[in-house]
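Subject: Structure handover

Hi,

Here is the structure I promised to pass on. Please open it alongside this note, and the findings follow below.

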Amino acid sequence: MRYVQLAGTDIRCSVLGFGCARLMGRLSRRQSLRALAAAYEQGITVFDTARSYGWGESEAVVGEFASGKRDRLVLITKLGILPPPRNRLRQFLKPLVRSVLSLATRHRLTTVTGAIRAQIQQRVSSQVQRHYDLETARRSLDTSLKALRTDYVDVLFIHAPLYEQIADGKLLDYLSEVLRAGKARAIGVSTDIDSTNRLLAAFPSLQVVQIENNLLNCHLDALHRKDQIGVITNCPFGRQLLVENLTQLMSTAPAKASEWSKETGIDLCSADGVGKLLLTYALATNPTGVVLCGMHQVEHIARNAAVASVDPPAQTAFQRVVRDIREALVERTCSN
Ligand SMILES: NC(=O)c1ccc[n+]([C@@H]2O[C@H](COP(=O)([O-])OP(=O)(O)OC[C@H]3O[C@@H](n4cnc5c(N)ncnc54)[C@H](OP(=O)(O)O)[C@@H]3O)[C@@H](O)[C@H]2O)c1
């Protein structure tokens, strides 16, 4: 595993981070702990969670895993989005839904898994509660620290705010207070690229940002002040959709796929190769920051860690091939 010093902070960490959004949602407690341990064994030290992840239970399972090795980990959490209220029926149904999903995935019943996920996504979105007021922020951080079994987090983010929602600066003043009190080592925002840039221009106190960056949505290109702040990017696989779309592209254009394979040195005719290309792109474009992946299958964790252990390829040639692939992908999507 390669390690970096996150710009604008005193945090040293792995270039690959483990995204905890699906812990205790799609994954049971046992599966969550297994994935966290597998990531740690591969040298991953960054774990990105949030108060709202896993119906409010992701932080607690991360805290359980972190117990006894807190000082070797970089724990990131967020405030601003609250989990839906606890619901007994949901607690009862969760294991059942997980079993159906895992059975459907094993048998490649993509319409079934897609339909179930869309339903869950819709329910989650309808119950998402965004609160950027100080009282909720204080309570949220206290709950997070307790769940994570620690008295400080390494990075504290405001979760997905629009610029206008926090432009009065009150929440950012509170984050500075948290920093001074030693409850966070660095503070920042995790949101869309436009709000990020506007917030960076207005608030010099921001030390770290988290934005989406992948082969299709190359938001890092548009990020301001990137040399002065810690940059964490997410969704290198486009939440798995990019893997599926690129795999289809390669199978419908085999001649191009083998040409691109030769140029990148990655076998793009295999699903493993497509994943490797996507992660290589995300790491190469964020050479001094961290790339967060959602990865729960142990094979994915091991494969991604192997990619993050070698230096990214020389930029110019690689970027040229990536541009060709992106154009072909966009063209194919538009013609479908
Ligand atoms: N606003 C925010 O703060 C925000 C927004 C979005 C994301 N995030 C953070 O970013 C993390 C990652 O986001 P995400 O999980 O939505 O998107 P992602 O990392 O782009 O996609 C995860 C998907 O890719 C699959 N995958 C992992 N490695 C692979 C490989 N080598 N080859 C093929 N497929 C692979 C995973 O499968 P398996 O799980 O089955 O292994 C999973 O289905 C989140 O957990 C969260 O921490 C933050």
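To begin with the ligand, one of its oxygen atoms is 2.8 Å from a polar backbone atom of Gly-294. This is a predicted model, in which local features need pLDDT of at least 70 and side-chain atom pairs count only at pLDDT 80 or more, while totals for chains, interfaces and linings use all residues. Residues are numbered from 1 along each chain as its sequence is written, and side-chain values use heavy atoms, with hydrogens and water left out.

Next, the barrel. Eight strands close into it in the order β3-β4-β5-β8-β9-β10-β11-β12, with parallel pairing, and the twist averages 25 degrees from one strand to the next. Strands pair if DSSP finds at least two bridges between them; strands (E, at least two residues) and helices (H or I, at least four) are DSSP runs numbered from the N terminus. Five bridges join β10 (residues 208–212) to β11 (residues 230–234), and Val-209 has Val-231 as its bridge partner in β11. Helix α8 (residues 170–180) lies across β5, β8 and β9, running at about 160 degrees to β9. Axes are lines fitted to C-alpha atoms, for helices over the stretch in contact, and angles run from 0 to 180 degrees between N-to-C directions.

Now for helix α10 (residues 241–252). Its axis and that of α11 (residues 254–264) come within 5 Å and cross at roughly 110 degrees, which makes α10 roughly perpendicular to α11 (65 to 115 degrees; under 35 is roughly parallel, over 145 roughly antiparallel, the rest oblique). Leu-249, Met-250, Ser-251 and Thr-252 of α10 meet Pro-254, Ala-257 and Trp-260 of α11, contact meaning heavy atoms within 4.5 Å.

Helix α10 also packs against α14 (residues 315–335) at about 90 degrees, with the axes 10 Å apart, so α10 and α14 are roughly perpendicular too. On the α14 side, Ile-325, Ala-328, Leu-329 and Arg-332 take part, meeting α10 residues including Leu-242, Asn-245 and Leu-246. The residues of this contact divide into seven nonpolar, three polar and one charged (Ala, Val, Leu, Ile, Met, Phe, Trp, Tyr, Cys and Pro count as nonpolar, Asp, Glu, Lys and Arg as charged, and the others, Gly among them, as polar).

Best wishes

Notes
Polar contact = N/O pair within 3.5 Å; in protein donor to acceptor, adjacent residues only side chain to side chain.
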